[in-house]
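Please keep the sequence and the model in view while reading.

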Amino acid sequence: MLNKLKPTIAVVDSGIGGVSVLNQLIQKYKFGNFLYFADNLYMPYGNKKSKFIEKRLEQIIQYLNKFYCPDMIIIACNTA
């Protein structure tokens, strides 16, 4: 269960490259709840069409909003 007294920040990437972004956020904002969503099912995004990536990100954001209600979602994927 997330502590809703703290802001919830979700980081999204197609794999694990965004972990470095997550680590920086944790160091800078120690007061937050952090989620990391690695879309390993469809990684890498580099060979995907932009329409596919847009639709996939919409699905991920809807999922995160439905189950976690993050205060902020950061897309840490360079391709996206």
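The points below treat the sheet, the helices, the nonpolar cores and some individual residues in turn.

This is a predicted model, in which local features need pLDDT of at least 70 and side-chain atom pairs count only at pLDDT 80 or more, while totals for chains, interfaces and linings use all residues. Residues are numbered from 1 along each chain as its sequence is written, and side-chain values use heavy atoms, with hydrogens and water left out.

**The sheet**

- Helices (H or I, at least four residues) and strands (E, at least two) are DSSP runs, numbered from the N terminus.
- Three strands form an open sheet in the order S2-S1-S3, with parallel pairing; two strands pair if DSSP finds at least two bridges between them.
- Strands of a sheet pair through backbone hydrogen bonds, either parallel or antiparallel.
- From one strand to the next, the twist averages 20 degrees; axes are lines fitted to C-alpha atoms, for helices over the stretch in contact, and angles run from 0 to 180 degrees between N-to-C directions.
- S1 and S2 run parallel and are joined by six bridges; valine 11 has tyrosine 36 as its bridge partner in S2.

**The helices**

- Helix H1 (residues 19-28) lies across S1, S2 and S3 and runs at about 175 degrees to S2.
- The 18 residues of H2 should span 26 Å at 1.5 Å a residue, and its end C-alpha atoms are 26 Å apart, which agrees; the expected span is 1.5 Å times one less than the number of residues.
- Buried residues in H2 are Ile53, Arg56, Leu57, Ile60 and Leu64, where buried means under 20% relative accessible area, exposed over 50%, and partly exposed in between (1.4 Å probe, protein chains only).
- Seen down the axis of H2, these buried residues fall within an arc of 100 degrees, so they line one face of the helix; the arc is that of the directions from the helix axis to the C-beta atoms.
- The exposed residues Lys51, Lys55, Gln62 and Lys66 are carried on the face of H2 turned away from its buried side.
- The buried residues of H2 pack against S1, S2 and S3, with contact meaning heavy atoms within 4.5 Å.

**The nonpolar cores**

- A nonpolar core is a set of buried Ala, Val, Leu, Ile, Met, Phe, Trp, Tyr and Cys residues joined through side-chain atoms within 4.5 Å.
- The largest such core has 10 residues, among them Ala10, Val12, Phe37 and Cys77.
- Strand S1 (8-13), strand S2 (33-38) and helix H2 (50-67) each supply at least two residues of this core, and the largest share, four residues, comes from H2.
- A second, separate core has five residues, including Ile9 and Leu25.

**Individual residues**

- Aspartate 39, in the loop between S2 and H2, is buried, with a relative accessible area of 1%.
- Not counting residues up to four places away in sequence, aspartate 39 touches Asp13, Ser14, Gly15, Tyr45, Arg56 and Ile60.
- Cysteine 69, in the loop between H2 and S3, has a phi near 45 degrees, a positive value in a residue other than glycine.
- Cysteine 69 is partly exposed, with a relative accessible area of 45%.
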